[in-house]
Structure formats: structure tokens, C-alpha cells
Amino acid sequence: MRMFPNLMRSLLITAIFSFLLPVVLVGCLLVPLRLLQEIPSLEVMSQAGISPVVEFLRVFGSGNPLHGMLVIASVSALVGVLFDSYTLYRHEKLG
């Protein structure tokens, strides 16, 4: 029973980081493109980069890019928790 709090803490930290990773990656992609959009000569190039990313997010969000980002981040968190729980299970069985 002593291991249960450690397990929950590990799963919670994994879920948080797994959720934030796709959000940060998409943010690191969109923020520079959005800043480039403010420069008149680079506006077309930055729009050509923003459009596919937003369309990709719209597919997963039923037309809303923010919902798409939340869906992708939630699935990533779930997969991270599953991998972490499997790793902890294997560590207990082998160690």
C-alpha cells in the first residue's frame, strides 16, 4: 500500500508532461509563423505554414482548432500514462 502514492504521483506527472508536450510543440511551430506574419514581405510564406497546421487541428476538433489541440493533447496524456503504468508494472515484475 506504501507504493500507491508513488504510483499516483508518477502517473500524474507523466500525464501532465504528456499533455503539455504536443501543446508546446504546436505552439513553438505556430508562434514564430504568426510573428513572421507581421512582416509584410513574409506574410504569404507564414500563412502558407499556418494554414496546414490549423487545418490539421480542425480535423481532430470537428472544425475547431482549439478542440483539436485538446483532443491530441488528451490522447497523448492517455498514451503517456499507459506507457508509464506498463513500465512500472514491468519494473515490479523484474525487480
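## Helix packing

Helix α1 crosses α3 in a right-handed sense. The contact between α1 and α3 holds 15 nonpolar, seven polar and two charged residues. This is a predicted model.

Two packed helices are described by the angle and the distance between their axes. Here α1 spans residues 3-36, and its axis comes within 8 Å of the α3 axis. The two axes cross at roughly 145°.

## Nonpolar surface patch

Helices α2 (43-60) and α3 (65-94) each supply at least two of the patch residues. The largest share, four residues, comes from α3.

V75 counts as partly exposed because its relative accessibility is 46%, between the limits of 20% and 50%.

## Y86 on helix α3

Y86 is also placed in helix α3. Its relative accessible area is 48%, so Y86 is partly exposed. Y86 and P22 are 64 residues apart along the chain. Their C-alpha atoms are separated by 21 Å.

## The α2-α3 loop

S62 lies in the loop between α2 and α3. Its phi is near 55°. That is a positive value in a residue other than glycine.

Is S62 buried or exposed? S62 is exposed, because its relative accessibility of 75% is over the 50% limit.

## Salt bridges

Side chains of opposite charge can pair when their charged atoms come close. How many salt bridges does the count give? The count comes to two.

E38 is exposed, with a relative accessible area of 54%. R34 is partly exposed, at 44%.

The other salt bridge pairs E55 with R58. Their closest N and O atoms are 2.9 Å apart. Both residues lie in helix α2. They are three residues apart, about one turn of the helix. E55 is partly exposed at 42% relative accessibility. R58 is partly exposed too, with a relative accessible area of 35%.

Terms used:
Residues are numbered from 1 along each chain as its sequence is written. This is a predicted model: local features need pLDDT of at least 70, side-chain atom pairs count only at pLDDT 80 or more; totals for chains, interfaces and linings use all residues. Side-chain values use heavy atoms; hydrogens and water are left out. Buried means under 20% relative accessible area, exposed over 50%, partly exposed in between (1.4 Å probe, protein chains only). Axes are lines fitted to C-alpha atoms, for helices over the stretch in contact, and angles run from 0 to 180 degrees between N-to-C directions. A crossing is left-handed if the near helix is turned anticlockwise from the far one by less than a right angle, and right-handed if clockwise. Ala, Val, Leu, Ile, Met, Phe, Trp, Tyr, Cys and Pro count as nonpolar, Asp, Glu, Lys and Arg as charged, and the others, Gly among them, as polar. A salt bridge is a side-chain nitrogen of Lys or Arg within 4 Å of a carboxyl oxygen of Asp or Glu.
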